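Please read the following report alongside the sequence and the model. It begins with a single position and then widens to the chains and the places where they meet.

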Amino acid sequence: MNNENPLWALISTFGLMSLFAVGGAAAAVPEMHRIAVDVHHWMTDKQFADAYAIAQLSPGPNVLIVTLIGYAVAGIPGALAATLAMCLPTALVAYYVSRLLNRPSQSRWPALIQAALVPLSIGLMAASALILAQSTDRTIAAVLLTAVVAVVASISRINPLWLLLAGGLLGFAGIV
Amino acid sequence: MSPDSAPAAQEPDIPAAQVQPPGLLALFLAFARMSLAGFGGVLVFARRAIVEQHRCMTADEFNETFALCHFLPGPNIVNLSMVFGARLRGIAGGIAAFAGLLLPPTLIMTVLAIIYARFGNVEVLSRILAGISCAAVGLLIAVVFRMMTPLLKRMEPIALLLMLGVFLAIGVVRLPLQAVLLVAIPVSIGATFLLRRKVAA
């Protein structure tokens, strides 16, 4: 990547990544982590985990974690460049494809491709969870909190925001 | 990306064509509102607004549009805003919906980024964020679990193997996404195609 101009590095990184992000934003988290932490050293492991938490806690699509990464790299221009690079190319692809397939239900290919992508995107999301857990769950209390939230969110329909706030409170109290 | 990925088709199908399509500003505002209401994922709110409140699409049309956006790469809900806006008002409508969805939360996120850059090392804030991170990972695990259940119930060995393979390659070995997907996508599509042909025959 071009290290001299961080904006171009952001645009090319996220523009390319978005085209490979099958299964949405959560599936792209491992690749974001790999590039932002391991390849370019834009952020530390802790900063990345914090960015993920902030993106989850804030309104709007969760993909906006790229806004935080972009800001860490190049300030406000970086935040905007990363967001647009991640969102605009695929939105335009979606626009053209939807015009091509005016009635998507008539072809069996969209359904087949979608079915084929499901296990891959679940695998990607599980990888996201593992990578994030490795940087956040460093104490037994933290592991317990993650496990309890996972169970509660799996078996109830409670608004996720309450669970995030509960996590924040426990953090504030110094328990995790 | 969220447990609500498969919207249920329960509402009566009201013909959408009779309703006057909303203007560009209305599209922008509608998507801005659902974006800001959608903590932890916008899809539920988008579906409620598009199908139930505005009746711009029938439940089936929404599912078709969503399926299309799901099999395309990129953030689904962002793709959906573009496709949806464009269906109602052409490319300008698509851009209006896209901007409505992204502009307000991007501004909020930028402000949060500035605050984090200045105060992220303050001990209290750092502790709070650590707690939120733990909970956020728990939520992600729950989503993975929910999405995995139908796969486990059907016991498709190839799908489960592919899922495990992608998890190990990306999560444990930390291979680059492109390389893994360039192998996994053709294999998965091929396997699905062969399986379905065998079932049909």
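## A loop proline in chain B

P176(B) is partly exposed, because 16 other C-beta atoms lie within 10 Å of its own; a residue counts as buried with 20 or more other C-beta atoms within 10 Å, as exposed with 12 or fewer, and as partly exposed in between, the C-beta atoms being placed from the backbone. P176(B) sits in the loop that joins α6 (157-172) to α7 (177-200) of chain B. Its C-alpha atom is separated by 36 Å from that of A92(B), a residue 84 positions away along the chain.

## How the model is to be read

This is a predicted model, in which local features need pLDDT of at least 70 and side-chain atom pairs count only at pLDDT 80 or more, while totals for chains, interfaces and linings use all residues. Residues are numbered from 1 along each chain as its sequence is written, and chains are lettered from A and ligands numbered from 1 in the order in which they are written.

## The two chains

Chain A contains seven helices and zero strands, and its pattern along the sequence reads α-α-α-α-α-α-α. Helices (H or I, at least four residues) and strands (E, at least two) are DSSP runs, numbered from the N terminus. The C-alpha trace of chain A spans about 55 × 45 × 25 Å along its principal axes, and 58% of its 176 residues count as buried. Of the contacts in chain A with a separation of 6 or more, 56% are between residues 24 or more positions apart, where two residues are in contact if their C-beta atoms, placed from the backbone, lie within 7 Å.

In chain B there are seven helices and zero strands, again written along the sequence as α-α-α-α-α-α-α. Chain B has 201 residues, of which 46% count as buried, and 57% of its contacts between residues at least 6 apart in sequence join residues at least 24 apart.

## Inside chain B

Chain B is divided into domain 1 (24-119), domain 2 (120-149) and domain 3 (156-201), with bounds that come from an automatic or database domain assignment. The C-alpha centres of domain 2 and domain 3 of chain B lie 28 Å apart. In helix α7 of chain B is F193(B), which is partly exposed, with 16 other C-beta atoms within 10 Å; its C-alpha atom and that of N79(B), 114 residues apart along the chain, are separated by 26 Å.

Helix α1 (residues 24-37) and helix α4 (residues 76-119) of chain B pack at an angle of about 45°, with their axes 7 Å apart. This angle makes α1(B) oblique to α4(B). Axes here are lines fitted to C-alpha atoms, for helices over the stretch in contact, and angles run from 0 to 180 degrees between N-to-C directions; angles under 35 degrees count as roughly parallel, over 145 as roughly antiparallel, 65 to 115 as roughly perpendicular, and the rest as oblique. The crossing of α1(B) and α4(B) is right-handed, a crossing being left-handed if the near helix is turned anticlockwise from the far one by less than a right angle, and right-handed if clockwise. By class, this contact of α1(B) with α4(B) has 16 nonpolar, five polar and one charged residues. Ala, Val, Leu, Ile, Met, Phe, Trp, Tyr, Cys and Pro count as nonpolar, Asp, Glu, Lys and Arg as charged, and the others, Gly among them, as polar.

## Where chain A meets chain B

In the model, 89 residues of chain A are in contact with 84 residues of chain B. On the side of chain A that touches chain B, α5(A) gives the most, with 23 residues, and the residues of that side divide into 63 nonpolar, 22 polar and four charged.

One helix pair across the two chains is α4(A) and α4(B), which pack at an angle of about 165° with their axes 10 Å apart, and are therefore roughly antiparallel to each other. α4(A) passes α4(B) in a right-handed crossing, and their contact has 17 nonpolar, eight polar and no charged residues.

Another pair is helix α7 (residues 160-172) of chain A and helix α5 (residues 123-154) of chain B, which pack at an angle of about 140° with their axes 7 Å apart. That angle makes α7(A) oblique to α5(B), and the crossing of α7(A) and α5(B) is right-handed. Among the residues that meet there are P160(A), L163(A) and F172(A) in α7(A), and V124(B), R127(B) and L139(B) in α5(B). By class, the contact of α7(A) with α5(B) has 16 nonpolar, four polar and one charged residues.
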